[in-house]
Every structure is written in C-alpha cells, then in structure tokens.
Amino acid sequence: MTNGRKLRILLIDSPYTNIIKGACPPGEPILAESNHPIGLLYTGTYAQKKLKEEIDLKILGFKPSEKNYIRITHEVVRDFKPDIVGITTYTFTLYDAYQIAKAVKTENPKIKLVAGGVNTSIYPEEMIKQEFIDAIFMGDGEEIFAEFIKNFNTQDMYSVNGTWIKKDKEIIKNHPAPPILDLDKIPFPDRNLMINKEIYQESYIFPGYRKTELVSSRGCPYSCSYCQSSGKKYRVRSPTNVVDEMEYLLGEGYNFFQFWDDTFNIQIKRVKEICKEIIRRNLQKKIRYRIRIVANIADEEMFRLLKESGCEMVYIGVESGDNHILESVNRKIKVEHCKEAIRLAKKYGLSVMGYFMIGFPGETKNHIKKTLDFMLKNSFDFMETTILVPMPTTPIYKRAIEEGKMDDWYRRYTLSPWKNAWYKYYETTIKAEELYKIQKQIYFRFYFRPSYIIRLALKSRDKNSFMKRFNIGIRLLRWIFSQDYPKNKLECELNESGDYAEIHTHNGISSNDSSVSFSSNSEQVSTYQKNSAEDFRKQESRPQIKLSVKFPLKLLKFFL
C-alpha cells in the first residue's frame, strides 16, 4: 500500500514505430497485426494473482506503427498515476522504448521506472546507465517482478535476485535468478489487464477469427549459430495445462491461437498428447491454431493429429535450399526433411508458411537461387524471407566482429539509439545493398505469380477478407518498388540529438491535454480506447492504393 491506496503499476509494450530497418520489412509494419504482449501479460498476471490485495496493475500496448505513442503514454500516466512503470526492451524497438521511458519521467520523475526483456540480459551495463531507468530485470520476469513489488520502497527491494538497481549514486548488482522450471505453476495470462483490448483484432492470414498468442514452452536445445534463442534451457508445459488455457481463452471469446514457442514439436510425443486432449474435449470444432515446427522431428501421425485437432497452419524453418549452407550455420535439418514435412502437411490439408533467410556467410547468388527454386517448387501458402542479421551473443555476431566486418554496434545503439537505424549485415560474398534488392525480388517472384494471386483470392471467405488481403498486397508492392535503402552508411548512423524533443512537440503535449478518461476502478472505456479501435477499423477498411505513375518503369527495371 502507498499513502493508504494500492500500489499502482503500469506495464508498457513498445510499438514498432521506429523499428530498426532492413531485416524483415514485410513483417509487422506491413501486416500491421497487433499481438498481445505475452511476456508482460505473464509478468503482470503473476504479480496480480500473488499480490492482488496490494496492487492495481494495468498493461498498455500499441498498434505496431502507432505514431502518437508519446501522447498516449503521457495521458495514461497522468490519469492512472502509477508508482511503478515497467517497459519491455527489445533491441529492434529500443528507440521507442527509451522515448516512452523519457515521457514517463517527464510526467512524473518520482515514478520508479524498471526495464526487462532481452536487451537487459545482453547489455545490462549499458541499460542501467540510462538516467531514466531505475532498475533492470534479467531472466524469467514473473517471480523477479513479484518479489520486487512485494518489497517496494523497503531495503529488501535492493537485494532481489535477477535485478540491478540504483540506490543513490550506487548500482547494486544482485545475483542472477534461476529460471522457472515448472511452467504449469504460472497463471494463465489475463488479457483483461490490457487497457486497450480493442486494438487486438482478427487474424489477417485467417480473417474472421479472434486471435491471441500462447506459449507452451520456453528455451531451445539447438545451437544454430545465427539464433539468440539457441542453447537456452528448454522447459515445457504439460499437455493438460496447455489445453486448459486454450479452453479458458475460448470462454474469453478467443478462437484462434498463435503458438509463439520457438519450436513447438521438439518433444513430438507431447505434441500428439496436446492434439489428443483437444479432441477429447471436443474443442477442435470451435478453435483454430498455428504452430512453428522443425522439419526433422515430424511424422505422418503428428500431421494427421494436428489437422484433426484444429491446426490450420504450420510454420517451417527452412532457412536455405542448400544443405551446405544449412550445415555451415549448424542447422540440424536437411532440405529433404523440409520437403517431406511440406508433403505430409499438405496431404492432411494444413497450410504451410516457410521461413527463409539470405545473406549467410559464404552464400552466393547460386545458393540463393536454390532457395528460391525450393520455395517456388514446393507448396508453400506463405513465406517470409529475412536477411541474416548478426545478433548479439550468437557465434555469427562474434565472428563478424573478429573478422572486422562490423563493430559491436548493438552496444552503441543500446547506449544511445537513433532514428532511422538500419541493421548491419554480414557482408562476405554479396554486398548489403544487393542483398536487399534480392530480398525484394524474392517477394515479387513468390507473391505476385498470377496462379498464386488467383488461388489466394479464391480462398477469401468474403468481400472484407478479400479487401484485407488486397490491401496487404498493395502495401507489399509499395515496399518492393520503394527506394528506401540508405544512400550511404552515414545516413543510417546519424544520431539527431533533438529526436526526443521533436517527437514530444510534434504530438502536441501540453499540461491541459487529458483526453483519456482512465479509471482503475471503473469499467468505463477510455476515449483513447474508443478512438484507437475506430482509427484501426478505418485504416484497414479502405484500399491503400497509392502507386507512383512511374510504377510501370520501375517494374521493367526491377530485374535488370
């Protein structure tokens, strides 16, 4: 309790407004599909359940490319008056996370601002040095955050394992917290903690369903040299616990589930048990879901059970159409495994999305051509092709630095992120600008085949479904033919010192601007919630057809 009232806590998920560019442009910014901040929901729900008599907790999320997030943050902080604000930090959204943190401290410097997420574990020194951050959390956040809240404003607050915290001019670095081994004991994330539930709309890939995200496991036992998730302790929830949550969410009005496990089928027996439990409860007629799988741990029975239990789509990490490239990055699959997994998935009527990557060390255009050929010759319904970006802590990142191909630029970015940043590519055989052009060619070759367009149009359930897919196609074309690659390295490294002031002024913040009616003890829907949902519907209902008159010329020149 604080001054006779419950401790107020606000958790904030950063938008993708100023995301680092150049890895996967056709992802969230183009689809504009809002995903529930599952990490914050787990952390917030755990604290709420454990300390329910002592705290009032809310979670704020944004549309992926929300431009007014600074104004919204000011309004919510002003109305809710939190004692603690927690922000999730990912490297690619760090610029926006810092702007949100500055906005919080501008509104009330006395708020204790804490940060968690991937970046705090990678660069704790650089994160804790930020003047607007009071503490950072590293590791599984549920128990760490609950313990921090329990001891808030006491001496014990400074000795919680898994935290680094400022005390006067000193930084207290506590011992790491052990990972949570029993995932079944963690409460299901309560999506009703979200302030703005309305922005989490139906799925774009499967229109007509109300979508949310689930996590049935944590960590990954593999050691792919490009992946940050590799080597993290693998832990799973029991099949009964997973299906219990699906049934609970169905009662909350959600009927489409995106599993965010790095790899869903590492324990194939558990996958089959989950499917059988769904069928035993007769949920398969009421729900749909999609999962990420690895191709070499799959058999026909698994695909049959997936289909019978309501699975609509499997995501397969193919990465490359060349076995030599896969071996070079310690990827424990072969192209043949992927081909067989696709065949079995299609046999049982599952949609298939392929994950691909270009720009591996030593990869040539001939290797990439093999990848494109594999993509076009197999029955993928969707694909995503990214450019390899060396990520901190991975062997490829360390190798790129050792070879002098790049410096530890993520550290520089963490210390002072700048707008319009571009990822650094690992240039070995193909230059960065050429890779970016090839990536766009791949998207054009795959998604704008006449046969593919006709097939996708025929799958549309209704006019609204067709128009959504049409709008996505237009946005994809605009990206493909855009001239958005930086003209030189200096352009993507300039750090404008006035970024924060510019955003702060642009969004029209004033002491009298309080259009949000946020009440922690009321079911009243805030002005922000209403406007946000309405703006989202308007944006997605109208065709986004704005192509240059020079478009035909660009089309002719594209493959020259």
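The structure holds 32 aromatic pairs, where rings of Phe, Tyr and Trp (its six-membered ring) pair if their centres lie within 6.5 Å, with planes under 30 degrees apart counted as stacked, over 60 as edge-to-face and the rest as tilted. Two of these pairs are set out here.

| Pair | Centre distance | Plane angle | Kind |
|---|---|---|---|
| Tyr-413 and Trp-418 | 5.1 Å | 80° | edge-to-face |
| Tyr-443 and Tyr-447 | 6.0 Å | 25° | stacked |

This is a predicted model, in which local features need pLDDT of at least 70 and side-chain atom pairs count only at pLDDT 80 or more, while totals for chains, interfaces and linings use all residues. Residues are numbered from 1 along each chain as its sequence is written, and side-chain values use heavy atoms, with hydrogens and water left out.

Tyr-413 is buried, with a relative accessible area of 0%, and Trp-418 also counts as buried, at 3%; buried means under 20% relative accessible area, exposed over 50% and partly exposed in between, with a 1.4 Å probe and protein chains only. Tyr-443 and Tyr-447, both buried, lie 4 residues apart in helix H16, about one turn of the helix.

Helix H16 covers residues 432-447 and reaches 23 Å from its first C-alpha to its last, close to the 22 Å expected at 1.5 Å a residue. Helices are DSSP runs (H or I, at least four residues), numbered from the N terminus, and the expected span is 1.5 Å times one less than the number of residues. Because 12 of its 16 residues are buried, H16 is largely enclosed by the rest of the structure. Tyr-443 and Tyr-447 also belong to one aromatic cluster with Trp-422, Tyr-436, Phe-446, Tyr-452 and Trp-479.

Note on methods:
Helices (H or I, at least four residues) and strands (E, at least two) are DSSP runs, numbered from the N terminus.
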